[in-house]
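Here is a short tour of one protein model. Have the sequence and the 3D view ready.

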Amino acid sequence: MSPLGSTRSARLARAGLLAVTTALLAAGTAVPAAATGSTYVESSSWSYIDSAQPKTSFVNPAGDAPVGAHVTPDGRKHVSKSYFTFDLTGLRGAKIVSAQLWGRETAVTDCSAARGTELWVTAPVTKPPTWEKQPAELARISGPGTVYGCPSDYLGWDPATVLQQAIDAGRDSLTVVLRLPDGQQHNPRFGRTHLPKLTINTEKNQAPGVPHQLSTDRRACAENPVVGLGDTRLEAVVDDPDDTFVDAEFAWWPVAHPDQRQTQPLGVLTGQPFWFDLGQDRLADGVTYDWQVRATDDRATGPWSGTCRFSTDFTPPATGPLVTSADYPGEQHPAGGIGEPGVFTFDAQGDPDVVRFAVGESVPPVYVEADRPGGTATYLFTPRSSGINRLVVHGIDAGGNFSPVTYYRFWVDRNGPSMTCASPQAFLGEPRRCTFSPHPGDAATEYLYKIDNGPEVTVPAGPDGTATITVTPTDATKRYDVAVRARLTNGNLSGSATSQIPMDRGLPAVDVPAGLMVGRPAVFTLHATLPGSTSFTYDWDSGTAATVPVGPDGTAQVTVVPDTAGQHWFHARTTTAAGLVSGTNAVDVQAATNGPTMASAEYPEAAEGSYVTTPGTFTFTSPVPGAVSYTYRPGGTNPVTVPAGPDGTASAVLTPLTLGWQFLEATTTFADGTVSASSYYYYSARSAAPPLTCDVNGNLRPGQVVHCTLTPVQPGLASYGYVVDSGPEATVQPDADGAGAFEFTVPADRTQYVLPVQAWSANAAGQRTDPSYTSFWVDETTAVRGTKAV
């Protein structure tokens, strides 16, 4: 569709434009003539005749235009008429709505004399007039109207009728004569002069011109194109001297049936290409059509354009093309490379509808003409990436219909140049001489390389196709990766290959002392390997770095005191006298703790040990000589200190009173007053809760008596205890075999509630075990009770 879409939208656009025009005029702003229909036409030439020189014509002279009689200083009287010619070629075909013709007086001999100035249309002037040969004066133009001032700045006439007559007669010009009436023109009292220019201001309309630049689906009408599936675009340009927007009318019909002519109106923008898309439903397959277009503004309809012709073909080719290439023979074997063009052959396989091929997935694709309908075409393609590539190929008929697609996949080989460097074991700071060589089977004229993310540098290739560069690595933190491409002899660039300049970064060797332990000084021995190294710089766990000189034997010793146990990092590098810094050797070391070790036969570490309330002996041993005492905290409680024996060990007895994991924290105090790092010991006590069984099946009822039995578990059992609901605790003595029994009566005044029962045992010291737990549902109805130990 056109950018405006419809006749209605064009009219709305014009209405909007007129509103804008009104606003501009109110603001005193000039408005383009094409938008308003207004035209200013100034006289293109002027001349005057003089009775004193009857055979002379004065054409475009300097000075003002004389009218009437005036006397020169020599006493001669001159009678004059002034002629003005207007160019009407810009008004051909115009309909004049209104017009004003105006001029200006510059001098008046006697302002008290009545003004009788007249303006007449003359016969067409073919050569300058003279007093003896004046053109016929055909019609007087009405005016001037009311005149103010003397001389007057404005004299106006109404030329609409005579102007329309001249346009309708096909005249290219209009000549008028400014004169005085016969009764005044010889009397010098009435003489006057005018500005040598007249102006016509018209409100007019000209019909739109003949549409031009016609095309069908962007193809010139002379081609008589064939159109295929999809919309068929009819395109043209129309000009209108007055309007920015007009209505266009497209017409189309089958050549064999002009009686089937159809039309479609469309609002369009003048001077710009506009189009109409003929949908497929308006056309039939295999038919030849003619079409034309014309334009209409608000007052006139322009002429029809010439006709364009096209034919339809809505049946696409049935078979996709066959694609082959000897240069890139498929995806099974690598061939060619980036920048190496290959010839591909497209074969329509004899389908006579196919006249060309479309290649690629872009819009629009690349088109390649077949050597004949149903024939073949060759296509030169240069890969831009290695690996599996593909061509997307369609056969196309004369109407632009696409055949089924053919995907041709092929394997593009890597063809980046190689790089070899002399002295692969050279140290940092020593020059490397590296040579670029083309991919086998290729030739190169130059190489483009860059190191890491640096700028790309170009070096020419020698007669043998290779090039050599010299690089001196000086920064041990950089990789010195070299990415290089070759300029092939065909001018294309090859693929890229990446290599690394080999070098020894001179990392110093580090001897790690054995038995690294928290709080004990450890001596590390450093060995310089980078030639010319004068100092070592080291740090512990990326802390503050320290620098020491390299000794005469190339070594140095440094002392580190680990402050925590576990993994640590020792970093070391060297620096030469020239300021060259080696690579950094990062050594992973482990420091053992100087905290005490703990052990217990009753409660093994990280395991479940004896029963709750069973005492356990915990032994403390220091891995470092000189222990004088140990301080321990059971479960984070207050610290307890025990002295070390002569053998440097100590022990403590602890009795766990709860279930679950428990921990013991301990430190060692040495003879010099220093305290070791903390050690932690985790252990767990097992449940000593006595199993609880009662002679009840189902619900309990108010007033019912329940008998329960307790089975011994706790070592050193001395008594049992229990509590029913929230009642008081009760004590039960064990019998000879250690069992215990008790009974209770269900309260008679309560119903429909849970009745809990807990029981435990205690040793002679009164240390209780964890409890056993059961509960009952008290009600008159059937229910299920649950029992569990906690």
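## A surface tyrosine

Tyrosine 680 is partly exposed, because its relative accessible area is 42% (buried is under 20%, exposed over 50%, partly exposed in between, with a 1.4 Å probe and protein chains only). Tyrosine 680 sits in strand 51, residues 679-686. Strands here are DSSP runs of E, at least two residues, numbered from the N terminus.

## About the model

This is a predicted model, where local features need pLDDT of at least 70, side-chain atom pairs count only at pLDDT 80 or more, and totals for chains, interfaces and linings use all residues. Residues are numbered from 1 along each chain as its sequence is written, and side-chain values use heavy atoms, leaving out hydrogens and water.

## Two cis peptide bonds

Glycine 143 and proline 144 are joined by a cis peptide bond, with omega about -5 degrees. Proline 144 lies in the loop between strand 9 (137-140) and strand 10 (155-157).

Another cis peptide bond joins cysteine 150 and proline 151, with omega about -5 degrees. Proline 151 also lies in the loop between strand 9 and strand 10.

## Two positive phi values

Asparagine 224 is not glycine, yet its phi is positive, near 45 degrees. Its loop runs between strand 15 (219-220) and strand 16 (226-227). Asparagine 224 has 44% relative accessibility, so it counts as partly exposed.

Aspartate 725 has a positive phi near 55 degrees, and it is not glycine either. Find it in the loop between strand 54 (717-724) and strand 55 (730-732). Aspartate 725 counts as partly exposed because its relative accessibility is 27%.

Methods
Helix = DSSP H or I, 4+ residues; strand = E, 2+ residues; numbered from the N terminus.
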